[in-house]
Amino acid sequence: MKKTLLEKTADKLVNAFVNNKIIAQLPSKFTKKLSEAEKLRKLCESKISDPIIGFKAAGTGIPVMKKLKEKKPFYASIFKNNFIKSGQKVKINKSTLGIELEVCYLIKKSFFSSKGLITMNNVAKYISHMAPCIEVVGYRQRKKGITSFGDLCSDFGANVKFLIGKKQKYKKINIGNLKTNISNKKIKQSVDGNTSTVYINPLNALRFVLNELKKDKINLNKDFYVFTGSTVGVVPILGKGLYTGKVESLGSAKAIIN
């Protein structure tokens, strides 16, 4: 049976993901609308044998959402191979978009047996730990810039690597107003941010992802991570070397850009 354009595109993108290759730009049919991009994302993710360790919220910056005329964020699966320890090396290329600083949560597997919607009142009972993390974002295609959330969603959520800092047991903190900063001292690059830029706050982004997982009937039957979106926007990588991200009250995460 002849493969559809969706299936052919998925095969090319999966091959690029698995083998760290850069391919030609995806057909605009799969990147203009988020609904079409999600079809491609889900098909691609189903073809990856590497275990899923969690999910990322993306498009959580409200100003960006308004600029691109998007109605809501989206989520994407994160695979074990793209999840590394703080301080490790990350190789970039011309299709790398930048670096981000986020808050992540470790969620108890009991979430998967929960009934009803996740709200701001009940989300905390499913959280085990929290931590700062760095995400390097980019495409697996010869492409630059962002014109829609479909651009990001269609290409595995544009995730290259996640580097997680030291975890601490979850406790209630002022998560909606924590100062953040990511810097590379060697090249004198420094960008300030705040957790308030993340879809009201990171807990609200977490709530969004958990409800999307329920809607899509996903069950990993294990503890998993949720990465809640950048507190500093997409920061251009202006040089190689050590990038350090700090989140007030949570700690730091580091990435060595190669």
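## What covers helix α5

Among the elements that cover the buried residues of helix α5 are β1, β2, β5 (96-107), β6 (127-138) and β11 (224-230). Buried means under 20% relative accessible area, exposed over 50%, and partly exposed in between (1.4 Å probe, protein chains only). Helices (H or I, at least four residues) and strands (E, at least two) are DSSP runs, numbered from the N terminus. This is a predicted model: local features need pLDDT of at least 70, side-chain atom pairs count only at pLDDT 80 or more, and totals for chains, interfaces and linings use all residues. Residues are numbered from 1 along each chain as its sequence is written, and side-chain values use heavy atoms, with hydrogens and water left out.

Helix α5 is mostly covered, with 11 of its 14 residues buried. The buried residues include L206, F208 and L210. The helix covers residues 202-215. At 1.5 Å a residue it should span 20 Å, and its end C-alpha atoms are 20 Å apart, which agrees. The expected span is 1.5 Å times one less than the number of residues. After α5 comes K217, whose phi is positive, near 55°.

## Strands β1 and β2

Strand β1 (residues 52-58) pairs with β2 in the antiparallel sense, over six bridges. Two strands pair if DSSP finds at least two bridges between them. K56 stands opposite A76 in β2.

Why is β2 largely enclosed by the rest of the structure? Six of the six residues of this strand (residues 74-79) are buried.

## Aromatic pairs

The structure holds 15 aromatic pairs. Rings of Phe, Tyr and Trp (its six-membered ring) pair if their centres lie within 6.5 Å; planes under 30 degrees apart count as stacked, over 60 as edge-to-face and the rest as tilted. The rings of F17 and F79 have centres 5.7 Å apart and planes at 70°, so this pair is edge-to-face. F17 sits in helix α1 (residues 5-19) and F79 in strand β2, 62 residues apart. F17 counts as buried at 12% relative accessibility, and F79 does at 2%.

One aromatic cluster is formed by F55, Y75, F111, F112, Y126 and F224.

## Cysteines

How many disulfides does a search of the whole structure find? It finds zero. A disulfide is a pair of cysteine sulfur atoms within 2.5 Å. For C104, the nearest cysteine sulfur is that of C133, 4.2 Å away. C104 is buried, with a relative accessible area of 1%.

The sulfur of C153 is 10 Å from the closest cysteine sulfur, in C44, too far for a bond. C153 is buried too, at 0%.

Technical notes: Contact means heavy atoms within 4.5 Å.
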